[in-house]
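Here is a short briefing to read alongside the structure. Please have the model open as you go through the points.

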Amino acid sequence: MTDHENGPVARGGPVVCRRIPEGTEERVAELYWDAFGRKLGPALNPPGTARGFIAAHLHHDRGIAALMDGEVVGVAGYQVGGRALTGGGTRDVLATYGSFRGLPRLLLLALLSRTPAAHELVMDGIAVSPECRGAASGACC
């Protein structure tokens, strides 16, 4: 079944959605943190706060999700047109972490940011649940 606007698309395995489904933000944040926590940790730790921050500031239209039995098992985030899968600006960081702890985090996040050239798509990251990594299509979970 194919829905050209939002997915899902099924091809004998996981259901692929062309955006992050509403209500899956915490799961997507968990997968993203599992994949990129070591890189993002200095800017977003502690882990619980970081996952909450990521979940609260997702741009659903900047991701592709793979679902098995209704649960997100993989996500690919991308940046185009100045927006990425993960968001949150200066005010959001300061509101979450406070001014004293937030300012250094903003500097670290700035070092991690990438600005694509005009008409360029940047992959922000791909995260797959541990039980599905390396599995043949439809063989995980």
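From the N terminus on, the elements run β-β-α-α-β-β-α-β, which comes to three helices and five strands. Helices (H or I, at least four residues) and strands (E, at least two) are DSSP runs, numbered from the N terminus. This is a predicted model, in which local features need pLDDT of at least 70 and side-chain atom pairs count only at pLDDT 80 or more, while totals for chains, interfaces and linings use all residues. Residues are numbered from 1 along each chain as its sequence is written, and side-chain values use heavy atoms, with hydrogens and water left out.

**Overall**
- Of the 141 residues in the protein, 40% are buried (under 20% relative accessible area, with exposed over 50% and partly exposed in between; 1.4 Å probe, protein chains only).
- Among contacts (heavy atoms within 4.5 Å) between residues at least 6 apart in sequence, 63% join residues at least 24 apart.

**Strands around S4**
- Strand S4 (residues 71-79) has eight of its nine residues buried, so it is largely enclosed by the rest of the structure.
- S4 runs antiparallel to strand S3 (residues 63-68), with six bridges joining them; two strands pair if DSSP finds at least two bridges between them.
- S4 also pairs with strand S5 (residues 122-128), in the antiparallel sense and over six bridges.
- Gly74 is a handy landmark: this S4 residue is the bridge partner of Ala66, and Gly74 also stands opposite Val128 in S5.
- The hairpin of S3 and S4 has two residues between the strands, and Asp69 there takes a positive phi near 50°.

**Helices H1 and H3**
- Helix H1 (residues 25-44) packs with helix H3 (residues 90-112) at an angle of about 145°, their axes 8 Å apart; axes are lines fitted to C-alpha atoms, for helices over the stretch in contact, and angles run from 0 to 180 degrees between N-to-C directions.
- On the H1 side, Lys39, Leu40, Pro42, Ala43 and Leu44 meet Tyr97, Arg105, Leu108, Leu109 and Leu112 of H3.
- By class, this contact has eight nonpolar, no polar and two charged residues (Ala, Val, Leu, Ile, Met, Phe, Trp, Tyr, Cys and Pro count as nonpolar, Asp, Glu, Lys and Arg as charged, and the others, Gly among them, as polar).

**Largest pocket**
- The largest share of the lining of the largest pocket, six residues, comes from H3; a pocket is an open set of points on a 1 Å grid over the protein atoms alone, where a 1.4 Å probe fits, with protein on both sides within 12 Å along at least five of seven lines, and lining residues have an atom within 4 Å of a point.
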